[in-house]
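Hi everyone, thanks for coming. Let's walk through one structure together, and please have it open while I talk.

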Amino acid sequence: MAQPPQDTTTYAKSLHSLRAIFRNFSLTLDELIEDSSNPQRPRICMWLSAKADTAAGEYVNEYVWLLDFDESGERIVRTKEFSDNVMARDFFPKLKEAMGRERERKAAELVQANGALHIVVKQACRVIVSATGTWMWVALSMDK
């Protein structure tokens, strides 16, 4: 999937942002192989199975992670991740579509819940409901 390398902070932010999308995420270690042929460069290879609940249904994928450690074996100095790209190619467009429908549903619920406010929208303005449920007024140019 041609993802560029990420530093620890960027990767942590990326993972954190996925928590709301992938509910009940579980990662199962199916197999672990230790390569001790080079004591100056310990390495492990893990085969992992992932499952989660999403707006598009169940997410199921497999990964292989290759981790290289420093000489002490305590710090990861390089990682490579391999995943089922065909599954990702087919799943993520469905997820994006389902998340859009979910946002629209939540916005409609918010509008319905706030219906008693009797918001009057003037001709020159439009109400936009953000993903957080905040009301924003956006002025539009008008041709006369």
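First, some housekeeping. This is a predicted model, so local features need pLDDT of at least 70 and side-chain atom pairs count only at pLDDT 80 or more, while totals for chains, interfaces and linings use all residues. Residues are numbered from 1 along each chain as its sequence is written, and side-chain values use heavy atoms, with hydrogens and water left out.

Now the layout. The protein has two helices and six strands; helices here are DSSP runs of H or I with at least four residues, strands are runs of E with at least two, and both are numbered from the N terminus. Along the sequence the order is α-β-β-β-β-α-β-β. Of the 144 residues, 15% are buried. By buried I mean under 20% relative accessible area; exposed is over 50%, and partly exposed is in between, using a 1.4 Å probe and protein chains only. The protein exposes about 11300 Å², with carbon and sulfur atoms supplying 55% of that; the areas come from the Shrake-Rupley method.

Let's go inside. T54 sits in strand β2, residues 43-54. Why does T54 count as buried? Because its relative accessibility is 7%. Setting aside neighbours within four places in sequence, T54 is in contact with I21, F22, R23, Y59, F91 and L95, where contact means heavy atoms within 4.5 Å. The C-alpha atoms of T54 and A98 are 8.7 Å apart, although 44 residues separate them along the chain.

Most residues other than glycine have a negative phi. N24, which is not a glycine, has a positive phi of about 55°. N24 belongs to strand β1, residues 23-35, and is exposed at 62% relative accessible area.

Finally, the patches. Patch residues have over 30% relative accessible area and no salt bridge; like charges are joined within 9 Å, and nonpolar side chains (Val, Leu, Ile, Met, Phe, Trp, Tyr) within 5 Å. A salt bridge is a side-chain nitrogen of Lys or Arg within 4 Å of a carboxyl oxygen of Asp or Glu.

Which residues form the negative patch? They are D30, E31, E62 and D84. E62 lies in strand β3, residues 57-69, and is partly exposed at 39%.

The nonpolar patch is Y11, L15 and L18, together about 250 Å² of accessible area. L18 is in helix α1, residues 8-18, and counts as partly exposed at 33%.

Definitions and conventions
Accessible areas come from the Shrake-Rupley method with a 1.4 Å probe; for residues, only the protein chains shown count as cover. Lys and Arg count as positive and Asp and Glu as negative; His and the chain ends are not counted. The place of a charge is taken as NZ of Lys, CZ of Arg, CG of Asp or CD of Glu.
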